[in-house]
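Here is a short report on a metal site and a chain interface. Look over the sequence and the model first.

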Amino acid sequence: MQLTLEFGGGLELLCDSKKIHNVNVEQQNGEDKLTMKGLLSWVKTNLIKERPEMFMKGDTVRPGVLVLVNDCDWELSGQLSTLLEEKDVVVFISTLHGG
Amino acid sequence: MEGKRSKVRMCCLCNQSRASLNRPKTLQQICRDCFYLSFENEIHQLIIDNHLFTPGDRVAIGASGGKDSTVLAYVLSKLNRVHNYGLNLFLLSVDEGITGYRDDSLETVHRNQVQFGLPLKVVSYKDLYGWTMDEIVKLIGLKNNCTFCGVFRRQALDRGAAFLKADKLVTGHNADDIAETVLLNILRGDIARLSRCSSIITGEDGPIPRCKPFKYTYEKEIVMYAYFKRLDYFSTECIYSPNAYRGFAREFIKDLERIRPRAILDIIKSGENFRISTNTKMPEQGTCERCGYISSQKWCKACVLLDGLNRGLPKLGIGRSRPGIGCKEENESRGVKSIESKQCGSLDF
Ligand SMILES: [Zn+2]
Ligand SMILES: [Zn+2]
Ligand SMILES: [Zn+2]
């Protein structure tokens, strides 16, 4: 499934300083549909090159990292259980840098 | 397509548009336009309720190029326009002289100057003190540099504000910052700062009062606002900020927020409700004999540090005579890489 992933607020530094990644991701861990949970584990393995603890804590993003699916706060769509669809845009922004 | 997302949640305020944000403060699910309005109105209400400004005031906005001060500059100039505050707004930036960090963030501030149409004044450590942070770090290493940075920045902002003939200095400290500082001051037993850090206006007895219009504004909302409005801000960490102790406090606050978002407001409230017991001695304010800046000692902290630097004894003035935990813990936690803290000194009140 084609997805656009965007990293901001300093998170781009963890993935080769590239903000926008057009990726192709299939269902993870035997799920029949791709969820945010599956996407996060894919991102951790495939995109994050350094200091993964700045991005993840346990099986979710670390507190202070905002997630938007198609410009909508993922807290409204079920966070980890949010189902992803073709051409979705997922944005990760760290709130933890700078003032 | 029939999926969970075809069941779109509507905004609980207008019921017209799709909800885009879960507000941490109220847990309301609201659309972008209602979010902008609530966000701006709450700051307006805080400004009015606390009489932060008087018409004709010259107001310096401490601008680092980061998210908080960028959103603050944007929102303040908008409110000033919409509600006719009659303020003269200025951007005020401090150039610490940190290659690869401050020079990049200052470029952001220069762009903001154009985007928001606000005049900009930059004061530099080099001009004020004769030293850049790069030069100081070369001399003293990475151990105590945040002490220098924090003390120097505070005074640099005051001097820049004086240059601008500003009546008020506003900073972008947000609710998360203030909750974190309340916690740190409790951990340090620093009663004087505990009561100071949670008040919306400080330094009314000093040369220029400082205000924090974002005192109750959640960091999440500031970042969401900047994202939705596509505001241009800088988000790289200070290369000299190994402030691990503060980092742990931040992480703790964020963990609490995830479980119960109200926790941030409750911690601020605790800070506000602490009263100083009569047997706690508050330091008396005077002026520095050397440079005239406010100081409770013969020389102000910046002059003590500078004297050490200039005499080649940079350790001078770094220890604190006050009981409780000083900067030592913050700066000596070797090996623990700070991964979340704000740039050093930016949170000192
Ligand atoms: Zn609405
Ligand atoms: Zn002095
Ligand atoms: Zn610094």
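Is Cys303(B) buried or exposed? Cys303(B) is buried, at a relative accessible area of 6% (buried is under 20%, exposed over 50%, partly exposed in between, with a 1.4 Å probe and protein chains only).

## Basis

This is a predicted model: local features need pLDDT of at least 70, side-chain atom pairs count only at pLDDT 80 or more, and totals for chains, interfaces and linings use all residues. Residues are numbered from 1 along each chain as its sequence is written, chains are lettered from A and ligands numbered from 1 in the order in which they are written, and side-chain values use heavy atoms, leaving out hydrogens and water.

## Zinc site

Cys288(B), Cys291(B), Cys300(B) and Cys303(B) coordinate the zinc ion (ligand 2) through their SG atoms, at 2.2 to 2.4 Å. Donors here are N, O and S atoms within 2.8 Å of the metal (3.2 Å for Na, K and Ca). The donor spacing in sequence is C-x2-C-x8-C-x2-C. Cys291(B) sits in the loop between β9 (286–287) and β10 (294–295) of chain B, and Cys303(B) in helix α12 (residues 301–310) of chain B, so the pair ties together parts twelve residues apart in sequence. Cys291(B) is partly exposed, at 30% relative accessibility.

## Interface

In chain B, 38 residues contact 35 residues of chain A (heavy atoms within 4.5 Å). The rule finds six salt bridges across this interface (a side-chain nitrogen of Lys or Arg within 4 Å of a carboxyl oxygen of Asp or Glu). One of them joins Lys57(A) and Asp255(B), at 2.8 Å, N to O.

Terms used: Helices (H or I, at least four residues) and strands (E, at least two) are DSSP runs, numbered from the N terminus.
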